[in-house]
Amino acid sequence: RIVQEIRLELGSIPVNLSGALTVVAHKRQEAPSLLWSRLFPHFAGLQVERVLVSVEAVHVQVRRTARTASCPGCGRRARRVHSHYTRRVADEPLGGRPVEIHLRIRRFRCDTPKCPRRTFAEQVPHLAARRGRRTVPLERFLQDVGLTIGGRPGARFADRRTIAVSRMTLIRLVRALPTPS
């Protein structure tokens, strides 16, 4: 079967408009992170390495651009990378498709002798909370849905927008909000 691809150049980033499974790889020179951070402000400080668009979902592989990270134990900057792993974070839907961000996280070694932590993982607080499975914008959207619509109707509303969330999760997000003064 022959699949015809339609490509649109957005700056220097190719965007796939077909429904076929396509991998669009970016070189560092081709995909300026400045353009991505304009379209998606929570991508600031991140390098988009790969975008995979399928009929079911959009997968975006990203990593931090900073070479160092500060240790949460002592506050000093660390350069030595211990290891790395990939976090999967859900983002707001794009074009009716759910978006999953594959965030490459590095674990650093802290070289300070008196520091209680030997290794620590770099954090990206503007993208997702620590140990969070949803991006900050998606979390805010779900809080708004939970506040305005409620549990069951809010879950149905989110499902129509390709966001998988249960009624209890919406209620939990609302209960976690600070009380307005």
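Two strands count as paired if DSSP finds at least two bridges between them. I begin with that rule because pairing rests on it throughout this talk. With it in hand, R107 stands opposite A121 in β10. Please keep in mind that what you see above is a predicted model.

Let me first describe the chain as a whole. There are four helices and 10 strands. Read from the N terminus, the order of elements is β-β-β-α-β-β-β-β-β-β-β-α-α-α. The chain has 181 residues, and 35% of them count as buried. Its exposed surface comes to about 11,600 Å², with carbon and sulfur atoms supplying 52% of that area. As for contacts between residues at least 6 apart in sequence, 48% join residues at least 24 apart.

I turn now to strand β9, residues 97–109. Which strands does β9 join, and in what sense? With β5, residues 58–64, it runs parallel, and six bridges join the two. Here R63 is placed opposite R104 of β9. With β8, residues 81–94, the pairing is antiparallel and extends over 11 bridges. Finally, β9 and β10, residues 119–121, run antiparallel and are joined by three bridges. The facing pair of R107 and A121, with which I opened, belongs here.

Next, the loop between β10 and α2, where I would like to set two residues side by side. E122 lies in this loop. Is E122 buried or exposed? At 3% relative accessibility, E122 is buried, because the cut-off for that class is under 20%. Its contacts, leaving aside neighbours within four places in sequence, are R64, A69, R104, I105, R106 and F108. The C-alpha atoms of E122 and R107 are 6.3 Å apart, with a sequence separation of 15 residues. R131 is found in the loop between β10 and α2 as well. R131, however, is exposed, with a relative accessible area of 70%. From C-alpha to C-alpha, R131 is 9.6 Å from V89, although 42 residues separate them in sequence.

Let me move to the cysteines. How many disulfides does the model contain? The count is zero. The sulfur of C74 has its closest cysteine sulfur in C110, at 3.6 Å; a disulfide requires the two sulfur atoms to be within 2.5 Å, so this pair is too far apart for a bond. C110 is accordingly in no disulfide, the sulfur of C74 being the nearest one to its own. The two residues fall into separate accessibility classes: C74 is partly exposed at 32%, while C110 is buried at 7%.

My last topic is helix packing. Helix α2, residues 136–148, packs with helix α4, residues 167–176, and their axes are 8 Å apart. The angle between them is about 95 degrees. The range from 65 to 115 degrees counts as roughly perpendicular, and α2 and α4 are therefore described in that way. On the α2 side, the meeting residues are E139, L142, Q143, V145, G146 and L147. On the α4 side, they are L170, L173 and V174.

How values were computed: Residues numbered from 1 in each chain as written. Predicted model: local features only at pLDDT ≥ 70, side-chain atom pairs only at ≥ 80, totals over all residues. Heavy atoms only, no water. Buried < 20%, exposed > 50% of the residue type's maximum accessible area, 1.4 Å probe, protein only. Contact = heavy atoms within 4.5 Å. Areas by Shrake-Rupley, 256 points an atom, 1.4 Å probe, with all protein chains shown as cover. Axes fitted to C-alpha atoms, helices over the stretch in contact; angles between N-to-C directions. Parallel < 35°, antiparallel > 145°, perpendicular 65-115°, else oblique.
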